[in-house]
Structure formats: C-alpha cells, structure tokens
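Here is a structure to question. Each label gets checked against its rule.

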Amino acid sequence: MTGPLSDLSGRFAFNGKLLSLLLDDFEGDDWRHRAGSSNHAQWLLGHLANTRRWMLREFGQSVPEDGWEPLFGAGERPTTESDAVDTALLEQ
C-alpha cells in the first residue's frame with residue numbers, strides 16, 4: 001500500500017496498540033465512569049472508531065456505515081442509546 005492510505009494504516013496500527021495498552025484492564029462500569037462532565041471511555045472509543053471509519057470512506061474505501069456511528073459523531077454527547085452500544089463493536 002502506498003500514498004495516504006499507507007500512512008493512515010501505520011497510524012491506525014500504532015493507535016490500536018496504544019489503545020490496547022491503555023484499556024487492557026477495563027471492565028464493566030470502568031467504560032462509563034465519568035470525571036465531572038467529561039465524556040467517558042466508551043464514548044471516546046466510539047468517537048475514535050467513528051472517525052476512523054469516516055476517514056477510510058474519505059479515502060475511497062468501502063466501509064458500510066454502522067447504525068451506532070451517528071451516536072459518536074462530532075458535537076454528540078453520551079446518551080442512554082450510545083451507552084448501550086457494545087464496546088466490542090467499537091474495538092473492531
């Protein structure tokens with residue numbers, strides 16, 4: 001792979017390893033713990049996953065939109081609907 005997708009692939013790989021290290025011990029309520037009015041880890045992960053999928057589409061990749069994606073878009077906040085999205089879906 002060459003060009004912008006090659007660089008993007010390397011960044012995704014690095015970020016994926018970093019996320020794995022940071023979130024390795026997370027379980028249950030850890031994902032939805034909030035410090036003040038900040039977004040919790042599950043929502044941040046969803047936002048990152050949504051952004052990655054959008055970037056791939058922008059580079060012409062065929063990535064179908066999943067129903068959970070709009071819940072984690074720019075300007076959105078955690079809701080009961082976004083909280084119900086399985087974290088395993090967001091880690092793919």
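Q: What makes Trp-43, Trp-68 and Phe-72 a cluster?
A: Ring pairs link Trp-43, Trp-68 and Phe-72. Rings of Phe, Tyr and Trp (its six-membered ring) pair if their centres lie within 6.5 Å; planes under 30 degrees apart count as stacked, over 60 as edge-to-face and the rest as tilted. By this rule the count comes to three aromatic pairs.

Q: Why is the pair of Trp-43 and Phe-72 called tilted?
A: The centres of Trp-43 and Phe-72 are 6.1 Å apart and the angle between the planes is 45°, so the pair is tilted. Trp-43 sits in helix H2, and Phe-72 in the loop between H2 and H3, 29 residues apart. Helices here are DSSP runs (H or I, at least four residues), numbered from the N terminus.

Q: Why is the pair of Trp-68 and Phe-72 called edge-to-face?
A: The ring centres lie 6.0 Å apart and the planes meet at 70°, so this pair is edge-to-face.

Q: How do you know whether Trp-68 and Phe-72 are buried or exposed?
A: Buried means under 20% relative accessible area, exposed over 50%, partly exposed in between (1.4 Å probe, protein chains only). Trp-68 has 7% relative accessibility, so Trp-68 is buried. Phe-72 has 0%, so Phe-72 is buried.

Q: How reliable is the model?
A: This is a predicted model: local features need pLDDT of at least 70, side-chain atom pairs count only at pLDDT 80 or more, and totals for chains, interfaces and linings use all residues. Residues are numbered from 1 along each chain as its sequence is written, and side-chain values use heavy atoms, with hydrogens and water left out. The chain averages a pLDDT (the predictor's confidence in each residue, from 0 to 100) of 85. Of the residues, 95% score at least 70. Confidence is lowest in helix H1 (residues 4-23), at a mean of 75, and highest in helix H3 (residues 80-83), at 92.

Q: Why is His-40 called buried?
A: His-40 has a relative accessible area of 2%, so His-40 is buried. His-40 is found in the loop between H1 and H2.

Q: What makes the link between His-40 and Asp-83 a polar contact?
A: A polar contact is a pair of N or O atoms within 3.5 Å; within protein, one must be able to donate a hydrogen and the other to accept it, and residues adjacent in sequence count only if both atoms are side-chain atoms. The side chains of His-40 and Asp-83 are joined at 2.8 Å, so the link is a polar contact.

Notes:
Helix = DSSP H or I, 4+ residues; strand = E, 2+ residues; numbered from the N terminus.
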